[in-house]
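Please read the briefing below alongside the sequence and the model.

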Amino acid sequence: MADTRINEAGPREALIVAALTLQCAIDRGSMGEPGFFDRHAKAWIERRSSHPAWIAESGDQHAGLLQAAVLSDLPWPGRHEESHRQHGELVVQTLFVGRQHRGLGIGEQLLRAAVQWARDRGLAAVSLSARTHTRPMLERAGFIAVDDWFRIEL
């Protein structure tokens, strides 16, 4: 979609990340709670370097969110920190596209942005758990099913 933009979220977008997280939770059957926005925004800002997030905008609306966690390996014999690849992994924790924006390729664009970010940082893979209806999108983005998870090696 031509008017869709994917941006890595920064500290200024913390409340947007919180709002999209809440929207995702409600979409999946959870309830809101008092103080959630501030609690989530504060926690995310504190952990942003290990929990990157991307926001999709379509027109003037926030259309989706991808939130992930960087898992870095501990030292291993024969593997040195100064090596090119970190041998870590980006694990997608939340992939959400608002109902009115589904079917437009926004989820795939969010995934591609996260994969490129992980590749640029020398991570070894990106993985996520996904529901059956998400499988075609993940396969288009290059992910391969491994048990109940989908993974792309970088």
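How many bridges join strand 4 to strand 5? Four bridges join these two strands, which run parallel, where strands count as paired if DSSP finds at least two bridges between them. This is a predicted model, in which local features need pLDDT of at least 70 and side-chain atom pairs count only at pLDDT 80 or more, while totals for chains, interfaces and linings use all residues. Residues are numbered from 1 along each chain as its sequence is written, and side-chain values use heavy atoms, with hydrogens and water left out.

**Overall fold**

- The chain holds four helices and seven strands, these being DSSP runs numbered from the N terminus (helices H or I with at least four residues, strands E with at least two).
- Read from the N terminus, the order of the elements is β-α-α-β-β-β-α-β-α-β-β.
- The C-alpha trace spans about 50 × 35 × 30 Å along its principal axes.
- Of the 154 residues, 40% count as buried, a term that means under 20% relative accessible area, with exposed over 50% and partly exposed in between (1.4 Å probe, protein chains only).
- Among contacts between residues at least 6 apart in sequence, 64% join residues at least 24 apart, contact meaning heavy atoms within 4.5 Å.

**Strand 4 and its partners**

- Strand 3 and strand 4 pair in the antiparallel sense over eight bridges, and the bridge partner of Gln67 in strand 4 is Thr94.
- On the side of strand 5, Glu89 stands opposite Ala125.
- The chain crosses from strand 4 through helix 3 to strand 5 in a right-handed β-α-β crossover, right-handed meaning that, with the strands pointing away from the viewer, the path from the first strand over the helix to the second runs clockwise.
- Strand 4 is mostly covered, since eight of its nine residues are buried.

**The nonpolar cores**

- The largest nonpolar core has 25 residues, of which Leu66, Leu90, Leu111 and Phe143 touch the most other members; such a core is a set of buried Ala, Val, Leu, Ile, Met, Phe, Trp, Tyr and Cys residues joined through side-chain atoms within 4.5 Å.
- Among the elements that give two or more residues to this core are strand 2, strand 3 (61-71), strand 4 (89-97) and helix 3, and the largest share, seven residues, comes from helix 3.
- Apart from this core lies another, of 11 residues, among them Val17, Ala41, Trp44 and Leu65.

- Leu90 is found in strand 4 and is buried at 0% relative accessibility; leaving out residues up to four places away, its contacts include Trp54, Ala68, Trp117 and Val126.
- Leu111 is found in helix 3 and counts as buried at 1% relative accessibility; its contacts beyond four places in sequence include Leu66, Leu128, Met137 and Phe143.

**An aromatic pair**

- The structure holds two aromatic pairs, defined by rings of Phe, Tyr and Trp (its six-membered ring) whose centres lie within 6.5 Å, with planes under 30 degrees apart counted as stacked, over 60 as edge-to-face and the rest as tilted.
- The rings of Trp54 and Trp117 have centres 5.6 Å apart and planes at 80 degrees, so this pair is edge-to-face.
- Because Trp54 lies in strand 2 (residues 53-58) and Trp117 in helix 3 (residues 106-120), the pair ties together parts that are 63 residues apart in sequence.
- Trp54 is buried, with a relative accessible area of 4%, and Trp117 also counts as buried, at 10% relative accessibility.

**Thr21**

- Thr21 lies in helix 1 (residues 14-27) and is buried, with a relative accessible area of 15%.
- Not counting residues up to four places away in sequence, Thr21 touches Phe36, His40, Leu65 and Gln67.
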